[in-house]
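Here are a few friendly notes to read beside the model. Take them one at a time, and find each residue on screen as you go.

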Amino acid sequence: MAIKSQMMDATTPVGATNIATSSRTNAPPTMAPAEKPRKFLGIDFKRWQQKMFFYLTTLCLQRFTSEDAPEVPEGTSDKDRFIIVEAWKHLDFLCRSYILSGLQDDLYNVYSGTKTSKELWEALERKYKTEDVELRNFLLHGSWTSK
């Protein structure tokens, strides 16, 4: 049998709980992760990319698709330098892993050798934004070369 406080907890909206928790800790409210996008199969890259970017945003990892490792200011202690570098490496690893897990297996095999999220994101853009444009030209003009 549930006690009254357990029943209250079960009916309290998640948003209210996040706001109450964050107001006590002065941290911004966390965003619930969006539904993970379907695996990218090699077509309709722009749509997949937008969905993946939004998903990464809900995980607070989207910045790793466009940023290099931070420059650690001169005079930073070795301990702080280690913490900064390792934190960045860890979060970049997570971001890269989420992107890779959103690729079909054969694409995963091709892109799993990338070192950073930014490198992976840029490689996918170079390959598939170009192919999206070529496919669009083919559908509009009936040939693989743009007119």
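1. What percentage of the 147 residues in the protein chain is made up of buried residues? Buried residues make up 26%, where buried means under 20% relative accessible area, exposed means over 50%, and partly exposed lies in between (1.4 Å probe, protein chains only). Please keep in mind that this is a predicted model, in which local features need pLDDT of at least 70, side-chain atom pairs count only at pLDDT 80 or more, and totals for chains, interfaces and linings use all residues. Residues are numbered from 1 along each chain as its sequence is written, and side-chain values use heavy atoms, with hydrogens and water left out.

2. Now the overall plan. The protein chain has six helices and zero strands, where helices (H or I, at least four residues) and strands (E, at least two) are DSSP runs numbered from the N terminus.

3. Next, the core. The largest nonpolar core has 21 residues, and Trp 48, Ile 99, Leu 103, Tyr 111 and Leu 124 have the most contacts inside it. Such a core is a set of buried Ala, Val, Leu, Ile, Met, Phe, Trp, Tyr and Cys residues joined through side-chain atoms within 4.5 Å. Helix H3 (45-58), helix H4 (78-101), helix H5 (105-111) and helix H6 (117-141) each supply at least two residues of this core. In soluble globular proteins, nonpolar side chains tend to be buried together.

4. Look at Leu 103, in the loop between H4 and H5. Leu 103 counts as buried because its relative accessibility is 1%. Leaving out residues up to four places away in sequence, Leu 103 touches Lys 39, Phe 40, Trp 48, Tyr 108, Tyr 111 and Leu 124; contact means heavy atoms within 4.5 Å. Leu 103 and Gly 42 are 61 residues apart in sequence, yet 8.5 Å apart in space, C-alpha to C-alpha.

5. Apart from neighbours within four places in sequence, its contacts are Trp 48, Met 52, Leu 56, Thr 65, Leu 120, Trp 121 and Leu 124.

6. Finally, check two backbone angles. Asp 44, in the loop between helix H2 (14-25) and H3, has a positive phi of about 55° although it is not a glycine. Asp 44 is partly exposed because its relative accessible area is 36%. Cys 60 is in the loop between H3 and H4, and its phi is also positive, near 60°. Cys 60 counts as exposed because its relative accessible area is 56%.
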